[in-house]
Amino acid sequence: MHWTEEQKKAIEKYSALDDIPVEERRYKCHTCHHIVDEEPCPACGEAILQQMCPVDHCHCPHDIIESLAYCPLCGAAICPDCGSHDVSQISRITGYLSDVGGWNAAKQQELKDRAHYDIG
């Protein structure tokens, strides 16, 4: 993973999202797609915002990647090339592709722990 200096500093400074002081937190609004410093969203009024990981930079220029990495700060799936957290992870279970975003924490951890093989 090629972290920027800003991302490296965030990883060193915090061990979890809860460690970030409230006044330093940033939020993602999934209604109007703004990054804001306060709740509710001042752009659209959305009250339910997702706390943003300081390692996330919100834009992944990659269409499809074969494997994901996991953020050392928040544990979310990230693009291994750029560190963006805005990725969708899918898994093939009994022949069907499924978005794993709705899986519970235990099932997502099971996916992270699976052995990966390169058959190419």
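Reader: What does it take for two aromatic rings to count as a pair?

Author: Rings of Phe, Tyr and Trp pair if their centres lie within 6.5 Å, with the six-membered ring used for Trp. In this predicted model, a search of the whole structure finds zero aromatic pairs.

Reader: Which residue lies over the face of Trp103?

Author: A charge sits over a ring if, for Lys, NZ is within 6 Å of the ring centre and within 35 degrees of the ring normal. Here Lys107 lies over the face of Trp103, 5.7 Å from the ring centre.

Reader: How many helices and strands are there, and in what pattern?

Author: The chain has two helices and seven strands. Along the sequence they follow the pattern α-β-β-β-β-β-β-β-α.

Reader: What does Cys53 touch, leaving out residues up to four places away in sequence?

Author: Cys53 touches Leu17, Cys71, Leu73, Cys74 and His85.

Reader: What do the totals for the chain say about burial and surface?

Author: Of the 120 residues in the chain, 27% are buried. The chain exposes about 8,500 Å², and carbon and sulfur atoms supply 50% of that area. Its C-alpha trace spans about 45 × 30 × 30 Å along the principal axes.

Technical notes:
Residues are numbered from 1 along each chain as its sequence is written. This is a predicted model: local features need pLDDT of at least 70, side-chain atom pairs count only at pLDDT 80 or more; totals for chains, interfaces and linings use all residues. Side-chain values use heavy atoms; hydrogens and water are left out. Contact means heavy atoms within 4.5 Å. Rings of Phe, Tyr and Trp (its six-membered ring) pair if their centres lie within 6.5 Å; planes under 30 degrees apart count as stacked, over 60 as edge-to-face and the rest as tilted. Helices (H or I, at least four residues) and strands (E, at least two) are DSSP runs, numbered from the N terminus. Buried means under 20% relative accessible area, exposed over 50%, partly exposed in between (1.4 Å probe, protein chains only). Accessible areas come from the Shrake-Rupley method with a 1.4 Å probe; for residues, only the protein chains shown count as cover.
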